[in-house]
Amino acid sequence: MRKTIFITLFFALLAAGFSSFAQQINIKGVANVDSIVIGQPFDYQLSLTIPKDYYVEWKQYGDTLSKSIEVINAGEVETTPINNSDVLMTQHLTLTSFDTGYVYVPEIGITFAESIKDSIRHTLYTDEIELFVNTVAVDTTQAFRPIKGIIKQGITAKEILPWAVIAIVIAGIVFLICRHFKNKKNKIVVKAEKPKPTIPAIVTARERLAEVRTAEAWKTANTKEYYTNITGIAREYLEGQFGIDAVEMTSDEIISSVKATKFDGRAFEKFCDTLITADLVKFAKANPTEAQNEQSFKDVNEFVEETFVFFQEEEKRKAEEEKTRKKNDKTELNKQEKTEEAK
């Protein structure tokens with residue numbers, strides 16, 4: 001009988017201890033939404049109420065909480081006193097998901113002990129949270145729009161610094177080498193090679209366009225390669241004839257650069273249409289007809305010829321302006337000299 005009473009009292013005290021323990025410590029995980037669009041960030045707050053003297057091992061997060069939930073950002077853990085004996089520890093997480101349908105924010109466990117020296121560790125877990133991820137609705141009735149050009153990102157000082165250090169070191173080495181050889185009396189004469197004659201851009205463009213015309217390349221089934229070829233001819237021609245870095249530019253950048261030369265007209269409009277068609281073929285898998293392919297070739301050929309005429313006229317105009325300027329300068333100089341002599 002006494003043994004039965006003793007066992008009953010033991011379990012009663014143990015239950016009271018767990019009840020007191022549960023009242024002092026509480027963990028909670030709360031999301032600010034119950035549904036998102038795929039890839040949309042949402043906030044998740046993790047909070048723990050615990051005696052202030054307890055030791056807590058707070059979880060460190062990687063890139064994911066589970067195969068469906070990704071961690072964008074994990075804020076700092078903030079501790080706020082609740083009363084003389086307890087504190088509230090909170091952390092804000094920014095999460096997202098790229099799966100669709102119902103996904104689950106998993107249970108998150110936090111381990112603690114009565115002190116850092118205590119070998120007994122306890123772990124409490126948050127509840128699992130259900131979240132619905134919607135797909136993005138696509139309006140297929142809308143027409144295709146021109147492809148946006150690549151947005152250039154600025155270079156940061158952190159990226160430049162290693163190269164700047166390397167450049168300074170190389171410059172120092174070059175300086176020391178030059179100084180060493182300068183102190184020697186023996187001079188080394190380097191014979192400069194004659195530069196090779198440069199082929200005019202218009203000549204190269206005409207030859208390549210003639211090859212396209214002879215081969216009737218617009219009849220090919222590989223339209224992507226065809227448009228890459230004819231627009232590539234125009235890009236290299238613009239770079240060689242006008243100094244426009246067209247090979248590395250997007251179609252929109254090329255159009256803006258050509259406009260800056262003051263060249264316009266029907267040939268320019270046709271060339272713009274060809275660039276747009278080429279982008280649609282390369283990036284949107286458009287499939288123009290053979291007649292459209294041949295017309296694109298004619299438009300590029302016409303653009304090259306008319307811009308070359310425009311270039312010649314501009315060079316002639318600049319030469320006339322320079323000649324007139326020099327003549328005016330000479331006349332003004334003669335007037336000044338006569339004025340000085342009269343004085």
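Author: In this predicted model, a residue is called exposed when its relative accessible area is over 50%, buried when it is under 20%, and partly exposed in between.

Reader: Is D127 buried or exposed?

Author: D127 is found in the loop between strand 10 (122-125) and strand 11 (129-134). Because its relative accessibility is 62%, D127 counts as exposed.

Reader: How far apart in space are D127 and I108, C-alpha to C-alpha?

Author: Along the sequence, D127 and I108 are 19 residues apart. From C-alpha to C-alpha, the distance in space between D127 and I108 is 7.8 Å.

Reader: Which residues does T90 touch, not counting those up to four places away in sequence?

Author: T90 lies in strand 7 (residues 86-96). With a relative accessibility of 9%, T90 counts as buried, because the limit is under 20%. Not counting residues up to four places away in sequence, T90 touches Q45, L46, S47, E76, V77 and E78.

Reader: How many helices and strands does the protein chain have?

Author: The protein chain has 343 residues, and 27% of them count as buried. Its secondary structure comes to seven helices and eleven strands.

Reader: What share of the contacts in the protein chain with a separation of 6 or more is between residues 24 or more positions apart?

Author: This share concerns the contacts in the protein chain with a separation of 6 or more. Among these contacts, the part that comes from residues 24 or more positions apart is 66%.

Reader: What span does helix 7 reach from its first C-alpha to its last?

Author: Helix 7 runs over residues 290-342 and has 53 residues. At 1.5 Å a residue, the expected value is 78 Å, and the model comes close to it. From the first C-alpha of helix 7 to its last, the span is 78 Å.

Reader: Which helices do the buried residues of helix 7 pack against?

Author: The buried residues of helix 7 include N293, S296, D299 and N301. Also among them are F297, F303, F308 and F310. These buried residues pack against helix 3 (201-215), helix 4 (223-242), helix 5 (251-260) and helix 6 (266-283).

Reader: Which residues is Y237 in contact with, leaving aside its neighbours within four places in sequence?

Author: Y237 is one of the residues with the most contacts inside the largest nonpolar core. Leaving aside neighbours within four places in sequence, Y237 is in contact with A201, I202, A205, F242, V304, T307 and F308.

Reader: How many residues are in the other core, which lies apart from the largest one?

Author: This other core includes I36, V56, L93 and V133. Its number of residues is 28.

Reader: Which residues is S251 in contact with, leaving aside its neighbours within four places in sequence?

Author: S251 is found in helix 5. At 8% relative accessibility, S251 counts as buried. Leaving aside its neighbours within four places in sequence, S251 is in contact with R235, L275 and D279.

Reader: How many aromatic pairs are there, and is the pair of F263 and F268 stacked or edge-to-face?

Author: The count of aromatic pairs comes to ten. The ring centres of F263 and F268 are 6.5 Å apart and their planes are at 85°. Planes over 60 degrees apart fall in one class, so the pair of F263 and F268 is edge-to-face.

Reader: Is the pair of F271 and F303 stacked or edge-to-face?

Author: F271 lies in helix 6 and F303 in helix 7, so the pair ties together parts that are 32 residues apart in sequence. F271 is buried at 2% relative accessible area, and F303 is buried at 0%. The ring centres of F271 and F303 are 3.9 Å apart and their planes are at 5°, so the pair is stacked.

Reader: Which residues do ring pairs link into a cluster?

Author: F263 and F268 are both buried, each with a relative accessible area of 7%. Ring pairs link these two with others, and the cluster consists of F263, F268, F271, F303 and F310.

Technical notes
Residues are numbered from 1 along each chain as its sequence is written. This is a predicted model: local features need pLDDT of at least 70, side-chain atom pairs count only at pLDDT 80 or more; totals for chains, interfaces and linings use all residues. Side-chain values use heavy atoms; hydrogens and water are left out. Helices (H or I, at least four residues) and strands (E, at least two) are DSSP runs, numbered from the N terminus. The expected span of a helix is 1.5 Å times one less than its number of residues. Buried means under 20% relative accessible area, exposed over 50%, partly exposed in between (1.4 Å probe, protein chains only). Contact means heavy atoms within 4.5 Å. A nonpolar core is a set of buried Ala, Val, Leu, Ile, Met, Phe, Trp, Tyr and Cys residues joined through side-chain atoms within 4.5 Å. Rings of Phe, Tyr and Trp (its six-membered ring) pair if their centres lie within 6.5 Å; planes under 30 degrees apart count as stacked, over 60 as edge-to-face and the rest as tilted.
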